[in-house]
Amino acid sequence: MGIGDMLGDSFEYTKETFIGKWVRWIILIICSIIFPLIMGYSLEVMRGKKPAPEPGTWVKTLIDGILYFTINFIYMIPVWILAFIFILPSLMMAFSGNVTGAIAVGGIGFLITVIVAIILTLIAVISVVRFAREEKFGEAFNFSEIVAKIKSIGWINLFIKLLVVEIIIGIIAMILMMIPYGIILLIILSPAFTVFMARYICLIYDSA
């Protein structure tokens with residue numbers, strides 16, 4: 001399935017989830033404010049359920065959302081460590097007057113940190129879906145299976161597909177922020193963005 005087909009499927013899925021189902025929309029807006037709940041609900045979408053399930057089983061949804069957040073948090077720890085390792089020496093060089101050294105260390109550190117962040121983000125995305133499907137926290141760190149899945153999808157292919165959808169959602173969000181009351185519209189549409197993204201990631205995972 002190509003990017004266009006995935007985007008189209010995700011749009012139709014999101015439309016069926018929300019249009020004419022205003023009570024569900026309102027509930028999911030509230031869940032977006034209590035963000036672990038919307039994260040937990042998105043896992044239901046990543047499990048491949050079609051049509052999207054009704055919000056409910058709140059304790060499980062909340063726990064799933066907290067675990068989802070925890071998985072992403074753990075995967076990003078090396079990024080923060082790298083950023084600290086490179087930023088601190090760079091700042092010390094700058095304060096000591098070694099501006100050239102500060103720029104060099106900071107630039108190299110930034111590049112390394114970005115590369116590691118991209119790789120870990122790709123791994124984290126697939127690990128979250130694996131957790132959703134297996135419903136076992138440890139499966140989010142089953143690196144042999146996760147890496148095998150990414151290889152079957154293709155590292156570059158996965159990166160491009162995620163980049164495209166992030167750019168699209170980012171542009172829409174930026175446009176909304178530029179119009180009057182755009183922040184309100186963004187809040188109203190945030191659960192739709194979440195479901196759209198979750199469905200898109202689900203399709204990527206199943207494309208392997």
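Analyst: Let's start at Tyr181, which sits in the loop between α7 (155-178) and α8. Heads-up: this is a predicted model, where local features need pLDDT of at least 70 and side-chain atom pairs count only at pLDDT 80 or more, while totals for chains, interfaces and linings use all residues. Residues are numbered from 1 along each chain as its sequence is written, and side-chain values use heavy atoms, with hydrogens and water left out.

User: Why is Tyr181 called exposed?

Analyst: Compare its number with the cut-offs: buried is under 20% relative accessible area, exposed is over 50%, and partly exposed is in between (1.4 Å probe, protein chains only). Tyr181 has 66% relative accessibility, so it counts as exposed.

User: What makes α3 a helix, and how many residues does it have?

Analyst: Helices (H or I, at least four residues) and strands (E, at least two) are DSSP runs, numbered from the N terminus. Helix α3 covers residues 35-46, with 12 residues. Its reach from first C-alpha to last is 17 Å, close to the 16 Å expected at 1.5 Å a residue. That expectation is 1.5 Å times one less than the number of residues.

User: How many residues of α3 are buried?

Analyst: 11 of its 12, which is what makes α3 mostly covered. Among the buried ones are Pro36, Leu37, Tyr41 and Glu44. After the helix comes Gly48, with a positive phi near 90°.

User: How do you know that α1 and α2 are roughly perpendicular?

Analyst: Helix α1 (residues 3-18) and helix α2 (residues 22-33) have axes that cross at roughly 105° and come within 7 Å. Axes here are lines fitted to C-alpha atoms, for helices over the stretch in contact, with angles running from 0 to 180 degrees between N-to-C directions. Under 35 degrees is roughly parallel, over 145 roughly antiparallel, 65 to 115 roughly perpendicular, and the rest oblique. The angle therefore puts α1 and α2 in the roughly perpendicular class.

User: Which residues make that contact?

Analyst: Contact means heavy atoms within 4.5 Å. On α1 the residues are Glu16, Thr17 and Phe18, and on α2 they are Trp22, Arg24, Trp25 and Leu28. Sorted by class, that's 4 nonpolar, 1 polar and 2 charged residues. For those classes, Ala, Val, Leu, Ile, Met, Phe, Trp, Tyr, Cys and Pro count as nonpolar, Asp, Glu, Lys and Arg as charged, and the others, Gly among them, as polar.

User: What makes Glu54 and Arg24 a salt bridge?

Analyst: The rule asks for a side-chain nitrogen of Lys or Arg within 4 Å of a carboxyl oxygen of Asp or Glu. Glu54 and Arg24 have an N to O distance of 2.7 Å, so the pair passes. Glu54 is in the loop between α3 and α4 (58-95) and Arg24 is in helix α2, 30 residues apart. Glu54 is exposed at 55% relative accessibility, whereas Arg24 is buried at 7%. By that rule the count comes to 11 salt bridges.

User: Why does the pair of Asp206 and Arg133 tie together separate parts of the chain?

Analyst: Asp206 lies in helix α8 (residues 182-206) and Arg133 in helix α5, so the pair joins parts 73 residues apart in sequence. Their salt bridge has an N to O distance of 3.0 Å. Asp206, at 42%, is partly exposed, and Arg133, at 28%, is partly exposed too.

User: What about Glu135: which residue does it pair with, and where is it found?

Analyst: Glu135 is found in the loop between α5 and α6. It forms a salt bridge with Lys60, with the closest N and O atoms 3.3 Å apart. Glu135 has a relative accessible area of 47%, so it is partly exposed, and Lys60 is partly exposed at 35%. Glu135 also has a positive phi, near 55°, in a residue other than glycine. Both residues belong to one network of salt bridges that share partners, together with Glu44, Arg47, Lys49 and Asp64.

User: How do you know whether Glu139 is buried or exposed?

Analyst: Glu139 has 18% relative accessibility, so it counts as buried. It is in the loop between α5 and α6. Not counting residues up to four places away in sequence, Glu139 touches Arg130, Glu134 and Ile146.
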